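Trainee: I have a new structure to get through today, and I'd like to go over it piece by piece. Can we start once it's on the screen?

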Amino acid sequence: MQKNKTGRKKKNKIARYDLIFVWLMLAWALIHFAVFWLYCNLNTFRLTFFRFNALTAKYEWYGLTRFVNIAKGMFGDTDIYLKNGLKNALWSFPVQVFIILPLSFFMAFFLFKKIPCSGAFRVIYFMPSILSVVVLAMVFRFQFNSEFGPLDSLIGKITGKETPDWFSSMSPTAMPLVFTFGVWAGLGYYIVLLNGAMQRLPQEVFEAAKIEGAGLWRECFSIVLPLIMPTYSMLFLTGSLAPFSYYLQPMLLCGETGGVNGATGTVALRVMSLMQGGFAEDAAAIGLFLSLIGIPFVLFIKWVLDKITPDVTF
Amino acid sequence: MKKLKWICLLTTVLIAFTFVMSSCIGGGEPTGENGELKITYYEGGTGKVWIETLASKFEKETGVKVILTADPMATENAITLLQSGRNLPDLMFILQTGWQKYVQSGWLEELDDLYNGTFKAEYTVGGETKTIGSVYDVTGTTLFTDSGKTTGVNLTDMLIDDFEDYGYISETFDSEPHYYVESWTAPCTGFVYNVDLLKSVGYDAPPATEEEFRECCAKLVENGIAPFAWGGSGMEIAYWDFITETWWAQYSGLDKWKEFYQFESADVYNDPGRAAALGLWQDLIVSPTDGSFINSIEKPMGKDHNDAQRSFVKGEAAFTPTGSWVETETEKFVLPGFNMRMMSVPTINGAKTGADGKPIKIQNTSAGDFACIPKKAANKQAAKAFLAFMNRPENVEYFTVETGIPRAFNYTPSKLGGISDFAKSCFELFEESECMYQNSKSPLFIYGGVERWCKYGTNIYGNLAGANRQSASAIANDMYTYAKSMWNTWSKAAGL
């Protein structure tokens with residue numbers, strides 16, 4: 001009896017220590033979440049409804065005025081920067097999920113099928129992902145430099161016409177080039193993830209398909225794509241967030257101001273320039289406004305993807 | 001398993017400890033004989049030699065170790081640094097920005113004693129005590145050559161009238177005003193011209209009037225030379241503001257231009273000088289037929305100010321809109337023998353004239369760059385001592401000679417020895433002209449974010465060009481209409 005009591009006590013003690021250990025381990029993550037996510041976001045949320053009164057040096061209630069102004073700016077004519085910024089940002093969605101992602105899938109598939117020189121291609125495609133985007137943007141801009149850019153010179157020679165001012169916000173070539181750069185610089189990341197997913201697929205499936213006489217395209221669309229759909233869906237979902245965070249590429253290629261009438265700006269770039277200009281409350285309000293639009297949009301995409309994604313794991 | 005738990009626990013505690021300890025870095029007491037002074041400065045057109053030299057002299061005189069941090073993004077980073085209050089420098093030199101909000105947020109240290117001459121700091125170096133104060137002796141310098149003052153002057157006496165109260169505001173509406181920042185530079189801005197290119201088309205002196213200027217541009221184009229090197233890829237397009245604002249001030253008069261920035265009502269936007277200035281820019285730069293850029297280097301909108309400056313010093317254009325910092329910024333790639341000067345912005349037709357019937361010579365400056373001391377800085381005393389040291393007449397003059405940029409002091413920098421011909425041309429304009437200093441105390445300007453080109457901002461030049469361009473008068477009227485419609489919103493945003 002005594003032995004049982006001592007045993008239970010010991011067990012309780014161990015359980016208590018385990019509990020303390022678990023809570024200590026959790027505490028770090030919880031504190032981090034509470035301080036750097038919850039507090040920051042709640043404070044940001046609160047700030048959007050207040051304004052700094054210069055006369056009293058205090059924040060005071062500002063209501064929904066900022067949100068009304070943002071809505072007017074985005075969908076009306078009062079803020080051309082924001083309006084064009086939204087338009088450009090929205091373009092990043094199809095570019096990301098309907099151009100970069102499918103292209104990456106094909107590249108990854110051909111690398112997976114070990115086409116000749118696949119090792120070299122792997123390095124070529126992945127190289128941009130390990131270099132700084134700033135360096136990549138400089139290299140890309142250099143190609144179109146009017147004095148010594150090889151691509152600018154080549155296009156000039158082929159067309160026999162004066163080449164445009166490629167990255168000028170007044171030129172129609174600026175944003176298409178920004179997206180082209182996004183494709184070039186963004187392929188590697190997706191290829192690595194998709195290729196990784198393909199590598200995990202069981203070889204037996206392919207052997208069986210081969211016996212059944214499946215060709216390369218059949219293998220690609222009927223076997224590989226459905227089997228890696230969870231990874232593809234996840235990338236599609238993260239790609240659909242692009243409109244809300246797309247700013248680095250246009251900033252590095254066309255300048256930090258977003259150009260004339262925001263022709264090369266995005267909403268995220270506007271948020272950044274507002275922050276740098278000391279208009280943190282306005283920046284926070286745009287962020288929150290975007291979240292209000294973005295959350296249902298992303299949830300909808302997730303819902304659609306969940307419907308069409310087969311439940312497979314490897 | 002138990003061992004693993006302990007390792008996890010220990011790691012967590014170590015991470016937490018490191019995190020907590022790292023938070024404390026930068027907030028400690030000054031170290032060394034007389035402490036340490038951390039200075040962060042904007043790395044740009046002023047270069048870094050001036051501050052390295054002054055820091056070294058200051059170290060010798062005070063024994064305070066000076067740690068310099070050059071940051072091309074110092075202005076943009078200032079707000080984050082001050083807000084966080086961590087790893088703060090003791091002294092910051094940054095470009096013009098909304099520092100008034102820093103004051104209202106309680107982030108900046110008062111500088112009253114520095115301005116009124118009561119600041120004094122004593123330092124012991126090698127057993128000898130030295131004093132740095134803010135009362136100055138200007139004997140033997142070119143400062144105050146006109147006023148005749150020599151000794152016992154303080155900072156407010158030495159600064160030009162327009163900038164005497166630049167840093168003087170209240171933290172809150174009902175509190176006493178104090179000095180919080182000190183003006184750092186007062187660069188001359190306008191057109192810089194290539195002397196040899198102008199000579200090649202028959203101009204020994206730069207054009208002085210609008211007619212002469214148009215004629216000169218035409219001659220340059222005839223000779224296959226682009227008149228203007230400029231870049232429009234980012235904020236650089238705003239370099240044109242140096243020119244258009246000068247034309248505006250010439251046309252409307254300096255007082256009216258100053259009145260504009262007090263933003264008494266929306267009617268300040270109803271100023272014909274604004275349309276006249278923008279109209280002249282449009283005439284010179286934009287093709288009336290298709291809206292493309294004329295009189296300019298190739299593809300200017302895709303170029304930044306460095307590209308434009310490079311084109312200019314390569315002799316591809318005769319003029320470039322810029323400031324006195326251009327000499328420092330181009331020194332690395334300028335060819336030997338390149339001859340450039342700053343010129344007075346040609347007088348716009350219809351400009352106001354003086355009592356002698358001649359147009360008033362007006363010089364634009366961008367004297368808003370400033371120095372400030374964070375309230376939570378570890379060594380505020382040394383920071384003030386450095387500013388007092390830097391304000392010594394010989395050091396003001398040294399700064400000017402080294403950087404080619406004047407400060408907002410009452411002096412005649414053109415008389416200084418050792419300056420380049422380019423710097424001399426800038427200083428002569430600075431001295432001969434009525435200077436434009438944008439020093440607004442209006443809450444609309446400071447807190448309301450109200451701009452000179454409201455609704456358009458730097459887009460204004462883009463909207464004056466291109467296939468869908470508007471006329472200057474249409475844009476000027478549109479800005480006035482917009483200002484009237486937004487006035488209440490702006491006032492509310494400014495806390496009025």
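Trainee: At roughly what angle do the axes of helix H2 (residues 65-75) of chain A and helix H3 (residues 80-112) of chain A cross?

Mentor: Keep in mind that this is a predicted model. The axes of H2(A) and H3(A) come within 6 Å of each other. They cross at roughly 65°.

Trainee: Are H2(A) and H3(A) roughly parallel or roughly perpendicular to each other?

Mentor: Angles from 65 to 115 degrees get one label, and those under 35 get another. The crossing here is at roughly 65°. Therefore H2(A) and H3(A) count as roughly perpendicular.

Trainee: Which residues in H3(A) meet H2(A), and is the crossing left-handed or right-handed?

Mentor: On the H2(A) side you'll find Ile70(A), Gly73(A) and Met74(A). By class, the residues of this contact are 4 nonpolar, 1 polar and 1 charged. H2(A) passes H3(A) in a crossing that is right-handed, and the residues in H3(A) are Leu82(A), Lys83(A) and Leu86(A).

Trainee: What about H3(A) and helix H7 (residues 174-199) of chain A: are they oblique or roughly parallel to each other?

Mentor: The axes of these two helices come within 7 Å and cross at roughly 45°. H3(A) passes H7(A) in a right-handed crossing. Since roughly parallel needs an angle under 35 degrees, H3(A) and H7(A) are therefore oblique.

Trainee: How many nonpolar residues does the contact of H3(A) with H7(A) have?

Mentor: Let's go through the classes. This contact has no charged residues, and 5 are polar. The nonpolar count is 20.

Trainee: Now the contact between the chains: which element gives the most to the side of chain A that touches chain B?

Mentor: The contact takes 26 residues from chain A and 31 residues from chain B. In chain A, helix H1 (2-47) and strand S1 (50-53) each supply at least two residues of that side. The element that gives the most, with 4 residues, is H1(A).

Trainee: And how many charged residues are on that side of chain A?

Mentor: Sort the side of chain A that touches chain B by class. There are 13 nonpolar and 10 polar residues. The charged ones number 3.

Trainee: Moving to chain B, what radius of gyration does it have, and why does that agree with a compact globule?

Mentor: Chain B has 19 helices and 17 strands, and its C-alpha trace spans about 80 × 65 × 50 Å along the principal axes. With 496 residues, a compact globule would have a radius of gyration near 23 Å. That agrees with the value for chain B, which is 25 Å.

Trainee: What share of the residues in chain B is buried?

Mentor: Start with the contacts: of those in chain B between residues at least 6 apart in sequence, 75% join residues at least 24 apart. As for burial, the share of the 496 residues is 49%.

Trainee: Does Asn295(B) count as buried or exposed?

Mentor: Asn295(B) sits in the loop between helix H11 (272-285) and helix H12 (305-313) of chain B. It too is not a glycine, and its phi is positive at about 55°. Because it has 21 C-beta neighbours inside 10 Å, Asn295(B) counts as buried.

Key. Residues numbered from 1 in each chain as written. Chains lettered and ligands numbered in written order. Predicted model: local features only at pLDDT ≥ 70, side-chain atom pairs only at ≥ 80, totals over all residues. Axes fitted to C-alpha atoms, helices over the stretch in contact; angles between N-to-C directions. Parallel < 35°, antiparallel > 145°, perpendicular 65-115°, else oblique. Left-handed = near helix turned anticlockwise from the far one by under 90°. Contact = placed C-beta atoms within 7 Å. Nonpolar A, V, L, I, M, F, W, Y, C, P; charged D, E, K, R; others polar. Rg over C-alpha atoms; globule rule 2.2 N^0.38 Å. Buried ≥ 20, exposed ≤ 12 C-beta atoms within 10 Å, placed from the backbone.
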